[in-house]
Amino acid sequence: MRQTIRAAAALSVLALLAAACGSTTKSGSSSSSSSSSSSSSTAGKFKACMVTDTGGIDDRSFNASSWQGVQEAVSSDPSKITGSYLQSTSGSDYTPNINTFIGEKCGIIVTVGFLMADNTQTAAQKNPKQKFAIVDNAYPKVIPNIDALLFDTVQDGFLGGYLAAGMSKTGKVATYGGQKLPTVTIYMDGFWDGVQYYNSQHHTHVAVLGWNEQTQNGSFTGNFTSQSDGQTLTQTFITEGADIIFPVAGNVGLGTAKAVQDADAAAGSQKVNMMWVDTDGCISAPQYCKYFITSVTKGIQPAVKNAIVTAANGTFKGGNYIGTLANGGVTLSPYHDFASKVPAALNSELAKIKTEIENGTIKPATKSPV
């Protein structure tokens, strides 16, 4: 079944924004209260329970995508599966939220984000009969009751960097992260490396501001929530000459979009653009779609849905799933407003590079574990 979920990745994002704002069952909005419904209508159903990271349920990124996966699982069999979540406002909420759901006898607990890796592992080992899934993490040694979902985003990050280099007019592009975590820097590694590959193929010198894959040094806002931090950092990049920005920072990226919008308004024309991360930005943040050349995405929704459905059907299998270009687990989103602006020759180069990454001819560099 793991093979069947890949093709659904592009389609499932279409309902992301609307679905991220609501639940088919009663949902909690804080770490201090349970999100499970106690009504008779849900009694006896399989409970799919999710613990968010600090970015929140509607971060237009990996929390929202994960929640969409829960909702898709519920929609696949609403008579059998119910879904709920608890929101974490800080790292200190992770373990209490997980323990709350263990106490509620959830059929599966989905934890979202690399930062919850240790909390999830500890809970799983203490409760070997409790099923878990974790988004954006894989374990060196397989844990039988955790379905670990990781995405090799260095691959589509590489495509995004190559595309950005090919579309830049100033010869400067930029990327930054929310926090210096492997699931963040892997995107940035790919983006940086993709720009370098473009330079080697076209004998150009497009510069990347905000990150260097070789030194692993760059720019971070220190959080995934402050849009003002993203706006300030992006304004600095624009002042330094970058005309395409790639934030890997969840909701912080909306600050980048605002900075891009303001810069273009001041210039009187659309001279600065950007790329979104994790989800198709034209779906999750449509008000800024005109500035998104593409989105560097991963198939979180179908992976989470699969983990829940297999658990509900009694076919759950722990282990590490790695989403790649080859299996559809990572991809570039459609160009939307840029469909007519990306040169045909550049498109052809990207298609060739995608194939070469899939067959191993090109191996994008990253220091992150995959």
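Visitor: Which residue in E12 stands opposite Trp276?

Guide: Two strands are taken as paired if DSSP finds at least two bridges between them. The labels come from DSSP runs numbered from the N terminus, with helices (H or I) of at least four residues and strands (E) of at least two. Here, Trp276 faces Ser295 in E12. Strand E11 (residues 273-278) and E12 are parallel and share four bridges. This is a predicted model, in which local features need pLDDT of at least 70 and side-chain atom pairs count only at pLDDT 80 or more, while totals for chains, interfaces and linings use all residues. Residues are numbered from 1 along each chain as its sequence is written, and side-chain values use heavy atoms, with hydrogens and water left out.

Visitor: How do E12 and strand E14 run, parallel or antiparallel?

Guide: E12 and strand E14 (residues 330-332) run antiparallel and are joined by three bridges. Val296 has Leu332 in E14 as its bridge partner.

Visitor: How many residues of strand E12 are buried?

Guide: A residue is called buried under 20% relative accessible area, exposed over 50%, and partly exposed in between, with a 1.4 Å probe and protein chains only. In strand E12 (residues 292-298), seven of the seven residues are buried, so the strand is largely enclosed by the rest of the structure.

Visitor: In what order do the strands of the mixed sheet stand?

Guide: The order of this open sheet of six strands is E7-E6-E10-E11-E12-E14, and its pairing is mixed. Strand E7 (207-209) and E14 are the edges; each has a single partner strand, so one side of each lacks a neighbour in the sheet. With direction ignored, neighbouring strands are turned by 15° against each other on average.

Visitor: At what angle do H6 and helix H7 pack?

Guide: An angle under 35 degrees is classed as roughly parallel, over 145 as roughly antiparallel, 65 to 115 as roughly perpendicular, and the rest as oblique. H6 and helix H7 (residues 182-202) pack at about 45°, with axes 6 Å apart. H6 is therefore oblique to H7. The contact, meaning heavy atoms within 4.5 Å, includes Gly157, Gly160 and Gly161 of H6 and Gly190 and Gly194 of H7. By class, the contact holds eleven nonpolar, eight polar and two charged residues. In this scheme Ala, Val, Leu, Ile, Met, Phe, Trp, Tyr, Cys and Pro are nonpolar, Asp, Glu, Lys and Arg are charged, and the others, Gly among them, are polar.

Visitor: At roughly what angle do helix H6 and helix H12 cross?

Guide: The axes of helix H6 (residues 154-167) and helix H12 (residues 344-358) come within 10 Å and cross at roughly 160°. The two helices are therefore roughly antiparallel. Their crossing is right-handed; that term applies if the near helix is turned clockwise from the far one by less than a right angle, and left-handed if anticlockwise. Among the residues that meet are Phe158 and Tyr162 in H6 and Leu350 and Ile353 in H12. The contact of H6 with H12 comprises nine nonpolar, two polar and two charged residues.

Visitor: Which strands stand at the edges of the parallel sheet?

Guide: That open sheet has six strands in the order E2-E1-E3-E4-E5-E13, with parallel pairing. Strand E2 (81-86) and strand E13 (319-323) are its edges, each with a single partner strand, so one side of each has no neighbour in the sheet. The twist averages 20° from one strand to the next. Within the sheet, four bridges join strand E1 (residues 46-51) to strand E3 (residues 108-112) in parallel, and Val51 stands opposite Thr111 in E3. Helix H5 (residues 117-126) packs on the sheet against E3, strand E4 (131-135) and strand E5 (146-151), its direction making about 170° with that of E4.

Visitor: What is the phi of Arg60?

Guide: Arg60 has a positive phi of about 60°, although it is not a glycine. Arg60 lies in the loop between E1 and helix H3 (62-76). Its relative accessibility is 18%, so Arg60 counts as buried. His336, likewise not a glycine, has a positive phi of about 55°. His336 is in the loop between E14 and H12, and at 32% relative accessibility it counts as partly exposed.

Definitions and conventions: Axes fitted to C-alpha atoms, helices over the stretch in contact; angles between N-to-C directions.
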